[in-house]
Amino acid sequence: MERLNTPSEDDFALQLAALAWQLDLGVTEAIGENPIDRFQTEPQVPQVAVPPSPKASLTPVAPETVAPDAVAVAARDAAAAGDLAALRAAIAAYPHCELQKGARNLVFADGNPAARVMIIGEAPGRDEDLQGLPFVGAAGQLLDRMLAAIGLSRRAADPQSQVYITNVLPWRPPQNRDPDAAEIAMMLPFLQRHIELVAPKFLVLMGNSACLALLGRSGITRLSGKWAEVSGLPALPMVHPAYLLRTPEAKREAWAALLELRMRLKGNQDVENR
Ligand code: URA
């Protein structure tokens, strides 16, 4: 007697044939025709639409623009991280930031976490995404030269001259667009925990995104070189080296900010040597 396939066996054979046909056609990526709203697979929470404009980052970060659970999960996971390795693992496992899906690498930090100076940039670009390290492209090379001008380096042997570098976002935004308000808000608890764990003497906020995330304001040409406070630490906004590459005339502001930093570091060293 002829054996009848069950519907699921028929489905399976059909799907296998369809897959083989697609492979013959040269299909290499397994993606659906319709976009999947991955938030719908999470427990349902009301979401407020985030404006798609890249200029969104130029307005203060409003936590209500992100699904409340995304920020709460980040705050819970960040607080549970007892050291930098655990924090890195918590960021890698964080499911709510879509940027991770398009990034090649998580860019966590570079330099010595025992350094007196912690530099906060914006987000990885192409080179950083490829290498998994912050500030390694053209802007990073300029940053290294700026730091060297005041005797600092991420590779210095002397602890007084070392720096530690991270970014507001650990994943590259597509086409290097500005981080949006929702991305900044959901990754902020990780950044704040990062600062807490490193506990530097001084923070340097490179560019508008870092100022927006940690000071709640932007307008870097006005803020640059003027000390502010972040979580009880002295924080110095500075024009971003990528901006300096496009706008060399802003080097004067950058130099003034670097001299400010050098002066504070010298004062700190004198106090510690007493
Ligand atoms: N710009 C940044 O802000 N961070 C990087 O890591 C690279 C470029």
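Q: What volume does the largest pocket have?
A: About 690 Å³, in what is a predicted model, where local features need pLDDT of at least 70, side-chain atom pairs count only at pLDDT 80 or more, and totals for chains, interfaces and linings use all residues. Residues are numbered from 1 along each chain as its sequence is written, and side-chain values use heavy atoms, leaving out hydrogens and water. A pocket is an open set of points on a 1 Å grid over the protein atoms alone where a 1.4 Å probe fits, with protein on both sides within 12 Å along at least five of seven lines, and lining residues have an atom within 4 Å of a point; the volume is the space filled by probe spheres set on the points, which are joined across faces, edges and corners.

Q: Which residues are closest to its centre?
A: Of the 32 lining residues, those are E122, H240, A242, Y243 and R246.

Q: And which elements give two or more residues to that lining?
A: They are α5 (126–131), α6 (138–149), α8 (207–215), α9 (220–223) and α10 (241–246), where helices are DSSP runs of H or I with at least four residues, strands are runs of E with at least two, and both are numbered from the N terminus.

Q: Switching to α6, which of its residues are buried?
A: A139, G140, L142, L143, M146 and L147 are, buried meaning under 20% relative accessible area with a 1.4 Å probe, protein chains only. Seen down the axis of α6, they fall within an arc of 160°, so they line one face of the helix, the arc being that of the directions from the axis to the C-beta atoms.

Q: What comes after α6?
A: G151 follows α6 and has a positive phi, near 80°.

Q: How much of the whole chain is buried?
A: Of its 274 residues, 43% count as buried.

Technical notes
Buried < 20%, exposed > 50% of the residue type's maximum accessible area, 1.4 Å probe, protein only.
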